Every structure is written in structure tokens, then in C-alpha cells.
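Good morning. Please look at the model first.

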Amino acid sequence: MEILVSLSKRRGFVFQSSEIYGGLGGFWDYGPLGVELKNNIKRAWWKAVVQERDDIVGLDASIVMNPRVWVASGHVDTFADPMVDCKECKKRFRADDLAGHVAAGVHGHAAEAGVARCPECGGELTEPRMFNLMFKTFVGPVEDQASTVHLRPETAQGMFVNFDNVLTATRRKLPFGMAQIGKAFRNEITPGNFIFRDREFEQMEIEYFVKPGTDEEWHQHWVEARRNWYLGLGIREENLRVRRLDKEELAHYAKDTYEVEYLFPMGWSELEGIANRTDFDLRRHTEFSGRQLTYYDEESGEHIVPYVIEPSSGVDRCFLAVLFDGYREETVRGEKRVLLRLHPSLAPIKAAVLPLSRHESLAPPARKVWDLLRPHWMTQFDDSQSIGRRYRRQDEVGTPYCVTVDFDTLEDQAVTIRDRDSMDQVRVPIAGLVEALRERLD
Ligand code: ATP
């Protein structure tokens, strides 16, 4: 973890938020390479679940919603973790963490401290108190109970409350889904493990509405589809597992839940939860809003309340898994190299253009090659230090291809493409370079 935190900072993937002021626990900034990787993850997800499917449409709901939403969803009453404080050193812990449920803690479950003393100093702990994880703020100039709103702790509710709008606008038939990517906020008691547990993070969520009775089958479909998505991004199979939650781990709305977990340095931990939420949400919002959130089933001639399968994943956790999975240290020809073996679709920079040296005759053709590639992909131009060091620098940030412009280029109008993983080099004419890279990147 320390190696990755340091690489992330040094190369501009992730910085501590407001670092010059000492930072703020659970908040992070994504740097120039980080924002590219993050956008690529989101793009890959959107492509797989919206673009390539004919049964899911996108949505972008607001972060702040009518406060009744969170009463209806159950978050006001149950979105809480048990918190204990050490009476001696004043450190604060999640009681269920101390009980050994670090990876699998479920919000809203009663405290079972299990440990009577502070794990840091051995001091006496307070009784567990339930602590609601939603951030509060105010809408309008008056700061009172009536103007209190929450920052959404999940994107899901934006989709449930728009069920009728989307159904009417798109005339969809069951089964169909909505997908959304957006920020969520949780005032986690103990943020940590770098960007694994944040207070501000991003979710990629699907609400997939199905006919009751077909929910279990669709649940299996989604568990398989989501597992395959991670594998398709190059995550190694031995680092990925699917775990079915025990009954006592289930959230209040869930009939059944699977987690896709990744083997992080701190152990198997959740990347994504895939829950069968039944008709809980639509029924609750019907009850609290007075609006009928039903679907007219032409076959039976009845209005039904669909069941929902929810694959809910975290962008930041996926980002961390992708970094871990891609990170390698290798010794090649007696030299150590660090390699980020990222899937080409995720790599922040697809190709780097490197003139062999800073010789003045190489700069104009190298810049021309760079101009040629820039409209197609995120690229970089680098002419500092030795060519070997520049290759290593690109390997370390996962750039799949380096394009080298050398003295022969001046004669033969060709360049060398170097492959990050095999380090093989092939010569291609500049006129065919875009096509050659496209073949490899696709
Ligand atoms: P955990 O048990 O780790 O707190 P959770 O079960 O509460 O997670 P969900 O409510 O199922 O998480 O949220 C769906 C997804 O959102 C998670 O699988 C995770 O990828 C992401 N996520 C949830 N909380 C955080 C967080 N504090 N920081 C980063 N990502 C998060």
C-alpha cells in the first residue's frame, strides 16, 4: 500500500486533498494521470452497461434531494454505524471493526463491540452509540430543521424517485434498468486504506427492474456479468472472488446480496455489492410521496411493483484494485523496472512520443508525429534524459506504447513502436502509425 501511495503522489495519480493545509481525512484529489484513469474506468463501465446493452438507460440525478427521500429510503433511521470512543486516548473506532468485521461491516447493524479495551492504548471504551453517516447541510439562508438536507450517501435513490419519469419518457418494458455514475458522501467513522474508504467517493450504480419471480435469475445474471467486467479489464482471476453474504450481514432492504471482492493488501474487501432489493424502494417511495410507482403489465393486465437488482460499485475502489493488480517490479537485463500493467482501455496515456535524443534535427519530425496522434488519444511528448529512463517512466504509469523517432526516421519516414509488456519493438511507416496503434489499442 505504501509503495502505491507514494507512486500515486510522485507520478500524479492521487494527492491528499488540501495537502498544504495538512489534508482532511477521507478526502482525496485525483491528479493529471489519476483523472484520466478514473475517467477511463467510468467510460468502460458506461460502455458495458449502457452503450452496449439495449435494456439500460442513463441518468444523472442531483446530489441534494428532498429530505423525505432519505426518510423513505430508511437512511435517516438506519444508515448508522456503532461508534465507540477511548476514554483515555480519545481515539474513535467503529465497534464492528473491533469485533473483527472490517471488510464486511454492514451499516445499520447493531453494535457488538466484542473488545472491551482500546486497541491502541488499552484504555477503557465508551458504550457504543449509533452514528448516522449522512452529511448534513442547509438549503437557503435559514439554518433550521426545516431547511436541513443531506448529501446523498448513494446514487441509487435518484433512480428510484425517477422511476415514473424514465418509464414515461422511454416507454420501456420490463426488464429494464437505469445506470448512474456520481459522487456520494458518507461521514465514515474510520476512513482509511488510502482511497478504499473515503468520505467523498464516486459510485457506478445500476437499478435493474424485473418482474417479481424472475428476480433470482436476474440476480445470478448480474453477479456473473459484473464479475466478467472486472476480468475483462485485466484483473487477475486469483485476486477476485464473489461472496454471498450471510443473512445477518444483509442490509435492511435486501433479500440476498453478493459481493465482488478483491484481494487488497488488507485482505479480501468489497469492490461491488450486488443486491436483490426486492420492491422495497418503490413501495416506500409510493408510500411516502403518494405517487404510484408501478408498471402496467400488458400480459396480466395488472399494475405491478417491479423487483430491483442493484449492482453498486465504487469508482475509487475499482481504481485502487486496478493499480494493485497492474503493479509489478521486474528485473530486465540486470535493471529493475516498475511496471503498471494496465489494460490499454484504462491506461491514462495511450502512447508517448519520444525523440531518440534532443538533437535539433529530431525535434520537428517528433513534434509532427505527436500532432498526428493527439486528436486520437491521450498522448505525451518527452525528450528529457536518456531514452531508457523515458521508457521506464512510461512503464511506471502504464503507457502501453512508446513511439520513438530516431535518425533513420529522417530517411525512411518510419518510427519504432515499443510494447510496454514485452518490450518488443517494431518499425512502422508514419503514414500507417495511427492504424497500427489503433489495432494494438483496440
Ligand atoms: P463497506 O461495507 O465497505 O462500508 P458498503 O457495503 O457500505 O461498503 P455499499 O453501500 O454497498 O457499500 O456501496 C456500494 C459501493 O460503493 C461499495 O461496494 C464500494 O465500492 C463503494 N463505497 C461505499 N462506501 C465507500 C467509501 N466510504 N469509500 C469508497 N467507496 C465506497
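Around the ligand there are 17 residues, the closest being Glu188, Arg197, Asp198, Glu270 and Leu271; a residue is near a molecule if one of its heavy atoms lies within 4 Å of it. Before I go on, this is a predicted model, where local features need pLDDT of at least 70, side-chain atom pairs count only at pLDDT 80 or more, and totals for chains, interfaces and linings use all residues. Residues are numbered from 1 along each chain as its sequence is written, and side-chain values use heavy atoms, with hydrogens and water left out.

Now the polar atoms at the ligand. A polar side-chain atom of Glu188 is 2.8 Å from a ligand nitrogen atom. For Asp198, a backbone N or O atom lies 2.8 Å from a nitrogen atom of the ligand. At Gly314, a polar backbone atom is 2.9 Å from an oxygen atom of the ligand. Taken alone, the ligand exposes 590 Å², and the protein buries 92% of that. These areas come from the Shrake-Rupley method with a 1.4 Å probe; for residues, only the protein chains shown count as cover.

Which elements give two or more residues to the shell around the ligand? They are strand 10 (200–210), strand 13 (267–278) and strand 16 (307–314). Strand 13 gives the most, with 4 residues. Helices (H or I, at least four residues) and strands (E, at least two) are DSSP runs, numbered from the N terminus.

Next, the whole chain. The protein chain has 14 helices and 23 strands. Its C-alpha atoms fill a box of roughly 75 × 65 × 50 Å along the principal axes. The chain has 442 residues, and 53% of them count as buried. Buried means under 20% relative accessible area, exposed over 50%, and partly exposed in between, with a 1.4 Å probe and protein chains only.

Last, one residue. Glu396 lies in helix 12, residues 387–396. Is Glu396 buried or exposed? Glu396 counts as buried because its relative accessibility is 12%, and the limit for buried is under 20%. The side chains of Glu396 and Arg10 are joined by a polar contact of 3.0 Å. A polar contact is a pair of N or O atoms within 3.5 Å; within protein, one must be able to donate a hydrogen and the other to accept it, and residues adjacent in sequence count only if both atoms are side-chain atoms. Leaving aside neighbours within four places in sequence, Glu396 is in contact (heavy atoms within 4.5 Å) with Leu7, Arg10, Arg11, Val338 and Leu340.
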